[in-house]
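Biologist: Before we discuss this model, could you set out how its terms are to be read, and then take me through the sheet and one of the pockets?

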Amino acid sequence: MSQHRASHHGHDHQQEHGHGHGHHHDSTHPDWNQVAPLLERQAEIASSAYAEAAAWLGTLAPVYGVRRILDIGSGPGVVTSLLAEAFPAAETVAVDGTPELLVRARDRAEAQGLGARVSTLHAELPEGIGTLGEADLVWAGNSLHHIGDQRAALAELAGILRPGGLIALVEGGLPTRHLPWHIGIGRPGLEARLDAADADRFGEMRAGVPGSVDEPDDWRALLAAAGLTPAGTRTFLTDVPAPVSPVVRELAVSHYQRLRDGFGDRLDPDDRKTLDLLLDPADARSLHHRTDLFHLAARTVHTARKG
């Protein structure tokens with residue numbers, strides 16, 4: 001399991017991280033040389049929100065008492081490095097099931113002068129949780145929902161927390177927004193209909209995960225059921241208003257291209273036609289030229305303490 005399956009939904013890993021930060025909720029094997037730079041840019045755009053979240057965690061756990069951090073589903077390691085910066089006494093471990101992304105996490109840490117404190121660990125979860133070792137802080141960014149039995153996985157993660165340790169789950173939030181309600185093409189409210197299609201696709205993804213258990217997303221209750229004491233929930237905003245930079249515009253184009261390719265018959269013909277126009281660089285109304293394009297996302301972090 002890794003965080004690199006990003007989607008535009010409030011479920012995103014991308015975490016879009018991750019992988020933090022949107023993920024693809026499918027089982028195909030992407031070309032990571034192509035996908036990884038996209039994941040990195042997505043995470044970098046959200047980096048101020050994740051840095052704010054990491055600083056908040058520093059008010060819940062003693063900054064210099066945190067000696068080992070596990071970033072579960074780290075993807076290319078953008079958040080791994082942010083956590084390492086926020087907890088300067090810790091060894092921070094990027095954990096992911098994709099070796100190509102772990103190489104990028106290692107390279108990023110080296111480039112930022114964090115190489116001595118950041119390591120990588122290849123593991124498929126939930127099977128590999130027992131191989132991760134103990135930690136004072138476990139960060140799971142949009143990765144738990146790719147595990148079939150989330151309740152059992154949380155109990156296992158609680159088991160590797162040291163006494164007084166903290167777990168932080170990035171799950172939920174709000175769907176990312178890029179466009180106003182009325183864009184001058186097709187029927188207004190396009191993004192709301194895309195959200196509905198993505199919610200259906202997310203449900204199918206969850207049902208198709210091996211060992212999937214139909215579990216309500218009551219994260220506080222699930223953390224408590226794992227024997228942990230809920231320590232607070234906060235939501236962090238990424239707000240990039242119009243006009244956006246070329247990088248943000250490129251990400252929006254990639255995002256809508258994935259939706260157009262992935263939703264297929266879930267969309268009515270008029271909305272498919274609208275997406276085609278939005279993705280046509282020759283059209284002045286397309287995402288490539290729009291002055292009303294923005295990026296607004298909210299990621300929710302749920303925390304709990306051991307003991």
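Modeller: A pocket here is an open set of grid points with protein on both sides within 12 Å along at least five of seven lines. The model is a predicted one, and its second largest pocket has a volume of about 180 Å³.

Biologist: What makes a residue part of the lining of the second largest pocket, and which residues lie nearest its centre?

Modeller: A lining residue has an atom within 4 Å of a point; 15 residues line the second largest pocket, and Gln150, Phe202, Arg206, Glu215 and Asp217 lie nearest its centre. By class the lining has four nonpolar, six polar and five charged residues. Strand E6 (161-177) and helix H6 (190-208) each supply at least two of the lining residues, and the largest share, four residues, comes from H6.

Biologist: Why are strands E4 and E7 said to stand at the edges of the sheet?

Modeller: The open sheet has seven strands in the order E4-E3-E2-E5-E6-E8-E7, with mixed pairing. E4 (118-122) and E7 (228-240) each have a single partner strand, so one side of each is left without a neighbour in the sheet. From one strand to the next, the twist averages 20°.

Biologist: How do you know that E7 and E8 count as paired?

Modeller: Pairing requires at least two bridges, and E7 and E8 (residues 295-306) share 12 in the antiparallel sense, so they count as paired. Glycine 232 stands opposite threonine 303 in E8.

Biologist: Which helix lies across E3 and E4?

Modeller: Helix H4 (residues 99-111) does, running at about 175° to E4.

How values were computed:
Residues are numbered from 1 along each chain as its sequence is written. This is a predicted model: local features need pLDDT of at least 70, side-chain atom pairs count only at pLDDT 80 or more; totals for chains, interfaces and linings use all residues. Side-chain values use heavy atoms; hydrogens and water are left out. On a 1 Å grid over the protein atoms alone, a cavity is a set of points where a 1.4 Å probe fits but cannot get out, and a pocket is an open set with protein on both sides within 12 Å along at least five of seven lines; lining residues have an atom within 4 Å of a point. Grid points are joined across faces, edges and corners, and a volume is the space filled by probe spheres set on the points. Ala, Val, Leu, Ile, Met, Phe, Trp, Tyr, Cys and Pro count as nonpolar, Asp, Glu, Lys and Arg as charged, and the others, Gly among them, as polar. Axes are lines fitted to C-alpha atoms, for helices over the stretch in contact, and angles run from 0 to 180 degrees between N-to-C directions. Contact means heavy atoms within 4.5 Å.
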